[in-house]
Amino acid sequence: TESGAWHRSAAIYQIYPRSFSDADGDGIGDLPGVTARLDALADLGIDAIWLSPFMTSPQKDAGYDVADYCDVDPLFGTLDDFDAMLAASHARSIRVIVDLVPNHSSDQHPWFQAALAAAPGSRERGRYMFRHGKGEHGEEPPNNWQSVFGGPAWTRVTEADGSPGQWYLHLFDSAQPDFDWANDEVREEFRRILRFWLDRGVDGFRVDVAHGLVKHDQLPDYTPPEDAASMGGAEPVPYWGQEGVHEVYRDWRRLLEEYDGDRALCAEAWMPTTEEIALWVRPDEMHQAFNFNYLQTEWDAGRLRAVIDDSLAAFGAVGAPSTWVLSNHDVIRHASRLALGADAPQGHGIGPLSPGKPDPVVGLRRARAATALMLALPGSAYIYQGEELGLPEVIELPDDARQDPTWARTAGERYGRDGCRVPIPWEADAPAYGFNATGASWLPQPDEWRQLARDRQTGDAGSTLSLYRELLQVRRAHGLGSGTLTWADGAPSDAVAFRNGAVTVIANTGAEPVVLPAGDVLLTSGPLADDGALPADTTAWLLAR
Ligand code: TEU
């Protein structure tokens, strides 16, 4: 049955393949690189990995623009390399989740190329969202929708006779045309794609833009609230969370259940409230959904308690596990974000404005405390590559190095997501800090990363890497992921304090030290005060006596 399923309590490590480990030395990470580093992940103590897209792609949005869903991009290797990586992961009891991008394809996908060559009204055009423009000569876009990356969400094509023609919808970059999910051929094609990877043995899918596939059939105008990068307000958005999208996932759930083993679907659905996100994990839909409201909560005990309560209630009401996440490839790394004030971008998905200059010492201390809090919560937790090294956001990047389409589409007004995607440091004294053997790196790595390299942290009891290993070990030993949370009575207002099984957890988000609850200290995210109190920005786990 579902209740014992691995995904309900798993610690899942997100690999961003282009920045993880580069076996062929071209400056972009690859699948053989992942295989070569699996022992490090087994040693860290995670249960599963999720890989961001490695499928055939012109890389206009770092692989979230797929031209062939059933092949590996040569940048990342071959299908054989994938199979080898999968087998090597399974041999280490690490499950593997792949990223599926069903909202849009690349403009280089054969279907979109065929659609461009075909006439308005053709079967080929019907797989995407082609429409005639407004105005006398169709010179205005069909509606006012804006791309998540900035600029209009419609691009006009030139018809075969050379005349200006129809427009196609792209909620993201113009190189990412949206599929029409009212089209049965699209649905059938994605069933085929799911089966392709399930047959190869993957343990599940992280579903990209899971809230966006189905659009309001009238395509009405919509003006988002002030903050263009936000998830929208109370008003329903004609392209996010339309009721019809859920039937797609009910269909996929049925398909997954034809397979043995515990295959899982995880929704990336940026909806305003946890109650809305929980719609994706009703019993006949997906298994998990990212809890972005937790990610977006600042370092404040009251707010954290509220979002934890809210999450456990909302997911619990539909019988799904909560998930917890602090960082990913779209947001400012939490070792920087948590040092920013309340009005700083808290990780609204795409293209935050410049985050300013967060204090790295405060940021790292809070990040360690926040992770120690997260990994004590019941449910599944996501860890983004490099956070176990305490990596900060790389805010200073040369303009010409930046590759996120957000940067170009807003003429640099939005700072983009490159700063959380810099290749991670493995060995302090190797070229590119061991990312590869040649020293090439698609984004420059800061000099300060030498001291954060994994080999410098291995065996250092006080390092962030050691903290993550310990947290994951104790989390597993005490079954915290599948436990139950009970709030502690009488805790200080600046503390998040609860009991999960035999473990008492307390996180101090305030400026003053707080008294530790009774129990034997299992671990702390930073040193205790001389009098044994829990300092500001520190979390402790204790074994209740
Ligand atoms: O991000 C999804 C995404 O950008 C939206 O969910 C958005 O954040 C939200 O609706 C707020 O407006 C995913 C990937 O994680 C990202 O890397 C890709 O660039 C994007 O989809 C397009 O595939």
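A residue is taken as buried if 20 or more other C-beta atoms lie within 10 Å of its own. By this criterion, in the predicted model, 6 of the 6 residues of strand E5 (residues 95-100) are buried, so the strand is largely enclosed by the rest of the structure. The side chains of a regular strand alternate between the two faces of the sheet. In E5, Arg 95, Ile 97 and Asp 99 point one way, while Val 96, Val 98 and Leu 100 point the other way, and all are buried.

Strand E5 has a pairing partner in strand E2 (residues 48-51), which runs parallel to E5 and is joined to it by 4 bridges. Within this pairing, Arg 95 of E5 is the bridge partner of Ala 48. Strand E9 (residues 204-207) also pairs with E5, in the parallel sense and over 4 bridges. Here Gly 204 of E9 stands opposite Ile 97. These pairings belong to an open sheet of 8 strands with the order E11-E10-E9-E5-E2-E1-E13-E12, in which the pairing is parallel. Strand E11 (288-289) and strand E12 (323-325) are the edge strands, each of them pairing on one side only. In general, strands of a sheet pair through backbone hydrogen bonds, either parallel or antiparallel.

Helix H6 (residues 245-256) was examined for its length and its buried face. At 1.5 Å a residue, its 12 residues should span 16 Å, and the end C-alpha atoms are 17 Å apart, which agrees. The buried residues in H6 are Val 245, Tyr 249, Trp 252 and Leu 256. Seen down the helix axis, the buried residues of H6 fall within an arc of 55° and so line one face of the helix. An α-helix has 3.6 residues a turn, so residues three or four places apart point the same way. The cover over the buried residues of H6 includes helix H5 (184-200) and strand E10 (264-267). Strand E10 is also a member of the open sheet, placed between E11 and E9 in the strand order.

Met 55 lies in strand E3 (residues 55-56). This residue has 24 C-beta neighbours inside 10 Å and therefore counts as buried, the cut-off being 20 or more. When neighbours within four places in sequence are left aside, Met 55 is in contact with Gly 63, Val 66, Asp 68, Tyr 69, Asp 71, Val 72 and Asp 73. Met 55 and Gly 77 are 22 residues apart in sequence, and their C-alpha atoms are 9.6 Å apart in space.

Notes:
Residues are numbered from 1 along each chain as its sequence is written. This is a predicted model: local features need pLDDT of at least 70, side-chain atom pairs count only at pLDDT 80 or more; totals for chains, interfaces and linings use all residues. A residue is buried if 20 or more other C-beta atoms lie within 10 Å of its own, exposed if 12 or fewer, and partly exposed in between; C-beta atoms are placed from the backbone. Helices (H or I, at least four residues) and strands (E, at least two) are DSSP runs, numbered from the N terminus. Two strands pair if DSSP finds at least two bridges between them. The expected span of a helix is 1.5 Å times one less than its number of residues. The arc is that of the directions from the helix axis to the C-beta atoms. Two residues are in contact if their C-beta atoms, placed from the backbone, lie within 7 Å.
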